[in-house]
Amino acid sequence: MSTGLPEGWTIERVRSASGDSEAALLSLDRRVVVEDHDRADHEAVQPDLIFSFHDLCLARTDGDWFMGLLEADGSVVCWVSYGSDLGEAIRGLGAARQLSLIHFGNRPW
């Protein structure tokens, strides 16, 4: 299923670049929002592609890739944009995983 992927990208390339052999395209029939820290509510968006990397996601909307979290109900809450470059967005996944391990995985209590 490579329909709609950026030129030169396949699901196999996404898996290789991300280091996640289970990365997958998600269906678009789910709620996707972008957090806005200046407002109490979130902005609903209509992505044209969504990749899942276990609980992290990349959703492309209006040409930009947003990183988010896949919620238990299947919705996606995004918090940061990595621009239009899928490779850059995938590199951002690695940084997010590192921060998660440092700040959440090694709690002293």
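## Starting in the core: the aromatic residues

Phe 51 is buried, with a relative accessibility of 0%. "Buried" here means under 20% relative accessible area, "exposed" means over 50%, and "partly exposed" is in between (1.4 Å probe, protein chains only). Phe 53 is buried too, at 1%. Before going on, note that this is a predicted model, where local features need pLDDT of at least 70, side-chain atom pairs count only at pLDDT 80 or more, and totals for chains, interfaces and linings use all residues. Residues are numbered from 1 along each chain as its sequence is written, and side-chain values use heavy atoms, with hydrogens and water left out.

Back to the rings: there are two aromatic pairs in the structure. In one of them, the ring centres of Phe 51 and Phe 53 sit 6.2 Å apart with the planes at 45°, so this pair is called tilted. For the rule behind that word, rings of Phe, Tyr and Trp (its six-membered ring) pair if their centres lie within 6.5 Å, and planes under 30 degrees apart count as stacked, over 60 as edge-to-face and the rest as tilted. Ring pairs also bring in Trp 65, giving a cluster of Phe 51, Phe 53 and Trp 65.

Arg 13 lies over the face of Trp 9, 3.8 Å from the ring centre. To count as sitting over a ring, a charge needs NZ of Lys or CZ of Arg within 6 Å of the ring centre and within 35 degrees of the ring normal.

## The overall layout

Now zoom out. The chain has two helices and seven strands, and from the N terminus on they run α-β-β-β-β-β-β-β-α. These elements are DSSP runs numbered from the N terminus: helices are H or I with at least four residues, strands are E with at least two.

Of the 109 residues in the chain, 38% count as buried. The chain exposes about 6,800 Å², and carbon and sulfur atoms supply 50% of that; such areas come from the Shrake-Rupley method with a 1.4 Å probe, and for residues only the protein chains shown count as cover. Take the contacts (heavy atoms within 4.5 Å) between residues at least 6 apart in sequence: 40% of them join residues at least 24 apart.

## Salt bridges

The structure has two salt bridges, each being a side-chain nitrogen of Lys or Arg within 4 Å of a carboxyl oxygen of Asp or Glu. In one, Asp 48 and Arg 60 meet at 2.9 Å, N to O. Asp 48 lies in the loop between β3 (43–44) and β4 (49–53), while Arg 60 is in strand β5 (residues 56–61), so the bridge ties together parts that are twelve residues apart in sequence. Asp 48 is partly exposed at 41%, whereas Arg 60 counts as buried at 13%.

Glu 88 and Arg 91 form a salt bridge too, with the closest N and O atoms 3.1 Å apart. Both residues lie in helix α2 (residues 86–105), three residues apart, or about one turn of the helix. Glu 88 is partly exposed at 37%, and Arg 91 is exposed at 53%.

## Who touches whom

Ala 96 is also part of helix α2. Leaving aside neighbours within four places in sequence, Ala 96 is in contact with Leu 56 and Met 67. Leu 56 is 40 residues away along the chain, yet its C-alpha atom is 9.0 Å from that of Ala 96.

Over in strand β4, Ser 52 is buried at 9%. Not counting residues up to four places away in sequence, Ser 52 touches Ala 23, Ala 24, Leu 26 and Cys 57.

## Two loop residues with positive phi

Where is His 54? In the loop between β4 and β5. His 54 has a positive phi of about 60° although it is not a glycine, and it is exposed at 51%.

Asp 62 lies in the loop between β5 and β6 (64–70). Its phi is near 50°, again a positive value in a residue other than glycine. Asp 62 is exposed, with a relative accessible area of 79%.
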